[in-house]
Amino acid sequence: MIDKRRFEEQGYVVARGLFDADEATFWRDHFTRLREAGEYPGDVVGVDPSSNDPLQRYPRMIHMHRWDEIALDWLLEPRIAHALTTLLGGLEPFAVQTMLYFKPPGARGQAAHQDQYYLRVNPGTCIAAWMALDRCDEENGCLEVLPGSQDWPVLCTIAADTTQSFTDVTVPLPDDAELVPVVMEPGDVLFFNGSLVHGSGPNSSADRFRRALVAHYVQGVAEEVAHWYHPVLRMNGTEVELETSEGGGACGEWVEVDGERTIALTGTSVEPRAGE
C-alpha cells in the first residue's frame, strides 16, 4: 500500500518489500557481473579495476535500459508503474533514466542535491524510484532526505566537498536543516519528488557494498525534459515525443525577509554536464 499522503507531505515514501529478496539478489548479481566485465555506453568516467578509488573500480552505470533488456524490464515494471500512478494522482508517468550505484566500501557519497536540477522537467517535476539491492544504513551510506523540501524551487548550487562527495556541486541549506537517513532492506523502493533535497554520506563499512537500482520518471503532463533524458518512454515501452528543455535558468537563493530565511528566485543556474 503506497502512502500518497505521506509522499505529498514529506516528499518521499518507502514501499517496503515492493520486490522480494530473491528479485533484489537477481538484479544485484546481474548488474555487478556486467560492471565487472568492462565498460558500456554511458560510462562517462571509465572503469579502472586497478584504481585506489573504489568509484573508479565500480563507477555507476547510467541508462542501462538503452542496451540491457533486464534493465528495461525493471524500468517499466508494473509494480513500479502502479505505485507511480498512485503517487501522481492517476497521471501517467513517463520513463527517462536508469542508473546503478555500486558504492563499494570506502567509497565517497553524493552531496545534497535536487534531481530536478538535472532533469529540468516542465511543467511539473520528476520522480525517482530508488531500490535497495543491499541493506542500506548509515554505516554503508544510505540515502538521506530533507522532508518538506519538495516544495522548494530548484536551488542555486555551490561547490561540494569532493573528499566526501563524488559530485562537485551541492545546495546550500539553513543551519537547522537536518537530513534524515532512510534505512532500507533489499527490495524496498524509495519514491521521492524531484525537488526533494537528498544525498548520502561515504561508505564507512569494512566490507559491505551499498548497491541501488534507480530510475527516473516524469509526470505525464510534462512537455519538456533535458536532452540527456531522451528518448522518453511510456510505461508500455513505446516512445513519446517531448520537447528538450533549455539548460540553465532561474534558481533559488536564501534571503532574509522580516527576520525569516526564505528562498527567492534571484540566481541563475548553468546547465549540468553530461552524465549527471
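A residue counts as buried when its relative accessible area is under 20%, as exposed when that area is over 50%, and as partly exposed in between. In the predicted model described here, F166 has a relative accessible area of 26% and is therefore partly exposed. Y101, by contrast, has a relative accessible area of 11% and is buried.

The structure contains eight aromatic pairs. One of them is formed by Y40 and W67, whose ring centres lie 4.5 Å apart with planes at 5°, so the two rings are stacked. This pair links distant parts of the chain, 27 residues apart: Y40 belongs to the loop between α2 (21-37) and α3 (54-57), and W67 to the loop between β2 (61-62) and α4 (69-75). With a relative accessibility of 19%, Y40 is classed as buried, whereas W67, at 28%, is classed as partly exposed.

Y101 and F166 also pair through their rings; the centres are 6.2 Å apart and the planes stand at 55°, so this arrangement is tilted. Because Y101 is located in strand β3 (residues 93-101) and F166 in the loop between β7 (158-159) and β8 (169-170), the pair ties together parts that are 65 residues apart in sequence.

Two further arrangements involve aromatic residues. F19, F26 and W27 together make up one aromatic cluster. At Y117, the ring has the charged end of R120 sitting over it, at 5.0 Å from the ring centre.

Definitions and conventions. Residues numbered from 1 in each chain as written. Predicted model: local features only at pLDDT ≥ 70, side-chain atom pairs only at ≥ 80, totals over all residues. Heavy atoms only, no water. Phe/Tyr/Trp six-rings, centres within 6.5 Å; stacked < 30°, edge-to-face > 60°. Helix = DSSP H or I, 4+ residues; strand = E, 2+ residues; numbered from the N terminus. Buried < 20%, exposed > 50% of the residue type's maximum accessible area, 1.4 Å probe, protein only. Lys NZ or Arg CZ within 6 Å of the ring centre and 35° of its normal.
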